[in-house]
Amino acid sequence: MNQVAKEASPLDEVMREYEDRLQKALAMGGPQKMAKRKGRGMLNARERIGMLCDPDTFIESGLFGTSSSNRDDAEKTPADGKIAGFGKINGRETAVSANDFTVMGASSSSTNGRKIAHLKQVACQRGLPLVFLGESSGARMPDHMGARGMGTLLGNDAAQYQRLRETPWVSATLGHSYGSSSWYAVLSDFNVMRKGAILAVSSPLLASLATKEAVEPEDLGGWRMHAEVTGFADMVVDTDEEAIAAVKTFLSYLPSHNNIAPPEVPVPPGSGAEMSHILSLLPASRTQVYDMRRIVRTIVDKDSFFEIKARFGKVVTTGLARLGGRSVGIVANNPLVKGGALDTDACEKITSFLVLCDSFNIPVVMFVDTPGFLIGKDAERRRAPGKIMNFMNALALTTVPKLSVILRKSYGQAYLNMGGGRNSNEVAAWPTAEISFMDPQFGVRIVHGLEPGQPGFDEAFANMNRDSQVWDMAAIYAAQSVIRPEETRSYLIRMLEVYRMRPTNEAGAHLMHAWPTSF
Amino acid sequence: MSTYEVKSDVTGSVWKILTRIGQRIDAGEPLMIIESMKMEIPVVIEDAGTLVELRVAEGQSVSEGQIVALVDI
């Protein structure tokens, strides 16, 4: 059989050049740097995207971008160190940015700045969640130095760090992250941090130069500090793989944008199976504490509780979960820590969580057992009144359904902050609830001037205890329901159905869409 | 392995010590109970480890943030 030889075309050379440029653009920082990362157990930027997105769904924007400020750098800046594009995560379209630390430390430059700005604009305008896989040395110093550098590169995008919560933003801090990586981590709704990563304004070297003392990276911005002191790490994990899994799980509770309801999923078998024993998780003695998270896990859909900021402000537990297959935000006092007395960290933690839930149409369920706000000199120095009112104001501005269940103690101002006094749409109480202005142990001393052991103390204490029972509250309709503990799950699922936001097609008013992302 | 300083979350007094030097402790397991605000508040650790030093005794007063034990994790 005769074959007609394909004639060489002038376009062949063009296509060869395309393939050549494509390979260079995909090469990142070259084989040596790739091998070094692999040896340290770190994925490279493209591997991270591959793990995050459904197979063959990532479409890149700006693959052939390179350094533009300094043309000599073009050859050594494939994709200009920040990979941007769109991929599907569990079937949902998402905007994705991954910093490639092997290309000039993923430093921020003119070209990659345009890529990220474009990605944000598309995500916010088209209703896509936005994911930042962060690891960056900060600004690309040679490009930014001098008045011309600053005037050219910075300050030309007034919306660069604007956050209006049109769509969820999620960050994974996966390595040393300074400058823009840090900014996007704290601007995000959720930031998962890998142990060993550093999140700070600038590098330890710069910090050492500025302060004239040696600075250890972990002290500057390690995972323990951000998980326990600043709260900037919403979750801490050991590996890249776990971090990416956490990003996907977090997003599974959220809608793609703020005008629709979060996705619903089938209720896992076994959900609610332990409800008949739930009262056994509450200690018989009011002086004993317990881990509220066990009660939360028993009530919500099986294995659905995704705790956020577990190591920060631990007197309260916050997290996403599902009830009857629908996303809910859980705010629950945890008596295990400080008896559940609310401190300033807890106020900030709850406030930021309410903003998250309200911004993305997630109903809030509060489980109440708190002796009140932690008071004293230290609390005042930490600006407790301001934090308590920020929390209160956020609750008042929350327009998604709000349900409160009082399990045990609800005292003083905290009664209002946890939904009492019509600050939740419905308040239900267990028969074990006790509500008053303050714990009777202290109330007897202040109101009657009696100390334990003095004549009359026991009688006054018994009277105050009786008056603190839930029945008077139910009688005046300040508690809308008193329920058996084992009915809590079915009560909440039913009440969430009642409170669906029908007139607005499940979207809240988003009165806190411009609330600060940290404070 | 690193040594972690276990601190009391609250001001109060040490009511019961539940662990001894050299004992392996699971994450979330109480080391001791502090009596504070008329409640029994456990001191727990986030990461499993081995108790290497106790810095308080039963009946002793402690303040918030005080180091009460050292744990190797």
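Is A:Ala79 buried or exposed? A:Ala79 is buried, with a relative accessible area of 1%, where buried means under 20%, exposed over 50% and partly exposed in between, using a 1.4 Å probe and protein chains only. This is a predicted model, in which local features need pLDDT of at least 70 and side-chain atom pairs count only at pLDDT 80 or more, while totals for chains, interfaces and linings use all residues. Residues are numbered from 1 along each chain as its sequence is written, chains are lettered from A and ligands numbered from 1 in the order in which they are written, and side-chain values use heavy atoms, with hydrogens and water left out.

**Positive phi angles**

- A:Ala79 has a positive phi of about 55° although it is not a glycine.
- A:Ala79 is found in the loop between S1 and S2 of chain A; helices (H or I, at least four residues) and strands (E, at least two) are DSSP runs, numbered from the N terminus.
- A:Ala106, in the loop between strand S3 (92-99) and helix H4 (110-126) of chain A, has a positive phi near 55° and is a residue other than glycine.
- A:Ala106 counts as buried at 0% relative accessibility.

**Helices H17 and H18**

- Helix H17 (residues 440-448) of chain A and H18(A) cross at roughly 120°, and their axes come within 9 Å; axes are lines fitted to C-alpha atoms, for helices over the stretch in contact, and angles run from 0 to 180 degrees between N-to-C directions.
- That angle makes H17(A) oblique to H18(A) (under 35 degrees is roughly parallel, over 145 roughly antiparallel, 65 to 115 roughly perpendicular and the rest oblique).
- Residues of H17(A), including A:Val444 and A:Val447, meet residues of H18(A), including A:Phe457 and A:Phe461, with contact meaning heavy atoms within 4.5 Å.
- The contact residues of H17(A) and H18(A) divide into seven nonpolar, four polar and no charged; Ala, Val, Leu, Ile, Met, Phe, Trp, Tyr, Cys and Pro count as nonpolar, Asp, Glu, Lys and Arg as charged, and the others, Gly among them, as polar.

**Helices H3 and H11**

- Helix H3 (residues 45-52) and helix H11 (residues 240-252), both of chain A, pack at an angle of about 40° with their axes 10 Å apart, and are therefore oblique to each other.
- On the H3(A) side the contact is made by A:Arg48, A:Met51 and A:Leu52, and on the H11(A) side by A:Asp240, A:Glu241, A:Ile244, A:Val247 and A:Lys248.
- Those residues comprise four nonpolar, no polar and four charged.

**Aromatic pairs**

- Over all chains the count comes to 10 aromatic pairs; rings of Phe, Tyr and Trp (its six-membered ring) pair if their centres lie within 6.5 Å, and planes under 30 degrees apart count as stacked, over 60 as edge-to-face and the rest as tilted.
- The pair of A:Tyr18 and A:Phe64 is tilted, at 5.8 Å centre to centre with 55° between the planes.
- A:Tyr18 lies in helix H1 (residues 10-26) and A:Phe64 in the loop between strand S1 (59-60) and strand S2 (82-89) of chain A, so the pair ties together parts that are 46 residues apart in sequence.
- A:Tyr18 is partly exposed at 38% relative accessibility, and A:Phe64 is partly exposed at 43%.
- A:Phe457 and A:Phe461 form a stacked pair, 6.0 Å centre to centre and 10° between the planes.
- A:Phe457 is buried at 5% and A:Phe461 is buried at 17%.
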